[in-house]
Protein chains: 2
Amino acid sequence: MITRVDHIGIACRDLAASIAFYQRTYGFEVFHQEVNEQQGVREAMLRINGTDDGGATYLQLLEPIREDSPIAKFLESHGEGVHHVAFGTADVRAETAAVTETGVRALYPEPRHGTFGSQINFLHPKDCQGILTELVQSPVHE
Amino acid sequence: MITRVDHIGIACRDLAASIAFYQRTYGFEVFHQEVNEQQGVREAMLRINGTDDGGATYLQLLEPIREDSPIAKFLESHGEGVHHVAFGTADVRAETAAVTETGVRALYPEPRHGTFGSQINFLHPKDCQGILTELVQSPVHE
């Protein structure tokens with residue numbers, strides 16, 4: 001079961017500049033930063049609001065750390081903008097299994113490591129109305 | 001002040017098919033439907049979660065009702081996918097004024113009519129890291 005919009009993933013060329021934009025324009029602050037070597041990104045999470053499942057909704061700013069990162073390829077073809085939409089669930093394995101039973105393809109056979117030590121999978125954008133969709137089981141509850 | 005991610009606006013060619021996809025894949029239900037003549041769209045709001053400011057976060061599915069609708073133009077150039085990101089605020093006029101003071105252009109000189117009788121404005125994507133951004137003051141609190 002999906003219980004929240006967990007985050008909106010945003011591709012940017014310069015993480016520091018993007019953080020400065022969101023701080024200056026809306027007053028959003030960085031809640032967390034990390035490097036995800038597997039995904040090839042340096043990222044910042046800006047916490048926007050709490051959600052009624054005990055989680056929160058974030059903007060996730062993503063800068064590629066190498067040329068073969070999916071974010072680098074996205075920037076090359078699309079420029080900066082929304083890269084993916086992530087839905088939060090209490091059980092990413094069960095949710096991925098349920099979704100793939102409806103005919104939607106998952107990108108990974110097993111969940112991978114996401115932000116905050118979360119477990120994630122992605123759903124193929126061609127099966128999701130053009131939207132790269134992430135399922136995320138986060139250990140963070142606030 | 002921005003207090004929530006209000007919705008993610010998604011451009012689709014066939015609203016009924018898009019509603020059916022989200023219902024079948026995730027079990028999301030239609031919370032509200034309306035036609036917005038000014039924006040040239042038929043739309044459905046799928047409520048995903050409540051937010052800690054007393055509002056909620058939705059997916060907003062948007063189908064154009066005429067060829068000169070901005071959504072029709074978006075579909076022609078981008079195909080189906082995320083069209084905009086909307087942030088909720090208690091005062092759209094004050095928030096628009098604050099944001100434009102930082103150098104970001106608003107699309108309308110005065111707020112227009114949005115979903116649920118809300119007041120909305122849009123911020124220029126070229127000033128917002130490639131993202132068409134909506135500010136929304138919603139009368140709906142749950």
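Arg4(A) counts as buried, at 3% relative accessibility; the term buried stands for under 20% relative accessible area, exposed for over 50%, and partly exposed for what lies in between (1.4 Å probe, protein chains only). This residue belongs to a predicted model, in which local features need pLDDT of at least 70 and side-chain atom pairs count only at pLDDT 80 or more, while totals for chains, interfaces and linings use all residues. Residues are numbered from 1 along each chain as its sequence is written, chains are lettered from A and ligands numbered from 1 in the order in which they are written, and side-chain values use heavy atoms, with hydrogens and water left out.

The side chain of Arg4(A) meets that of Asp53(A) in a salt bridge, with 2.7 Å from N to O. A salt bridge is here a side-chain nitrogen of Lys or Arg within 4 Å of a carboxyl oxygen of Asp or Glu. The pair links distant parts of the chain, 49 residues apart: Arg4(A) lies in strand E1 (residues 2–11) of chain A, and Asp53(A) lies in the loop between strand E3 (41–50) and strand E4 (56–64) of chain A. Helices (H or I, at least four residues) and strands (E, at least two) are DSSP runs, numbered from the N terminus. Asp53(A) is partly exposed, with a relative accessible area of 24%. Together with Asp6(A), Arg4(A) and Asp53(A) are linked in a network of salt bridges.

Other salt bridges can be followed in the same way. In chain A, the side chains of Arg66(A) and Asp68(A) meet at 2.8 Å, N to O, in a salt bridge. Arg66(A) is partly exposed, with a relative accessible area of 34%, and Asp68(A) also counts as partly exposed, at 48% relative accessibility. In chain B, a salt bridge joins the side chains of Glu63(B) and Arg42(B) (2.6 Å, N to O). This pair, too, links distant parts of the chain, with Glu63(B) in strand E4 and Arg42(B) in strand E3 of chain B, 21 residues apart. Glu63(B) counts as buried at 13% relative accessibility, whereas Arg42(B) is partly exposed, with a relative accessible area of 35%. Over all chains, the count comes to 12 salt bridges by this rule.

Two further residues of chain B show contrasting surroundings. Thr89(B) has its place in strand E5 of chain B and is buried, with a relative accessible area of 4%. The side chain of Thr89(B) reaches the backbone oxygen of Met1(B) at 2.9 Å. Leaving aside residues up to four places away in sequence, Thr89(B) touches several residues, including Ile2(B), Glu95(B) and Val136(B); contact means heavy atoms within 4.5 Å. Glu67(B), by contrast, is exposed, with a relative accessible area of 76%. Glu67(B) is found in the loop between E4 and helix H2 (70–78) of chain B, and touches Ala72(B) and Lys73(B), again not counting residues up to four places away in sequence.

How do the two chains meet? The contact takes 40 residues from chain B and 39 residues from chain A. The area buried between chain B and chain A is about 3,000 Å², and carbon and sulfur atoms give 66% of that area; buried area is the accessible area (1.4 Å probe) that two parts lose on being put together, summed over both. In chain B, Phe21(B), Tyr26(B) and Gln129(B) lose the most area to chain A, together 22% of what that side buries. Across this interface the rule finds zero salt bridges.

Several elements of chain B each supply at least two residues of the side that touches chain A, among them strand E1 (2–11), helix H1 (15–26) and helix H3 (92–101). H1(B) gives the most to this side, with seven residues.

A rotation of 180° with 0.0 Å of shift along its axis superposes chain B on chain A, with an RMSD of 0.0 Å, where the copies are superposed by least squares on the C-alpha atoms of residues with pLDDT of at least 70 in both. The two copies are thus related as by a two-fold rotation axis. Of the residues of chain B, Thr51(B) comes closest to the rotation axis, at 2.3 Å (C-alpha). Because 98% of the interface residues of chain B are also interface residues in chain A, the copies meet through the same surface.

Terms used. A polar contact is a pair of N or O atoms within 3.5 Å; within protein, one must be able to donate a hydrogen and the other to accept it, and residues adjacent in sequence count only if both atoms are side-chain atoms.
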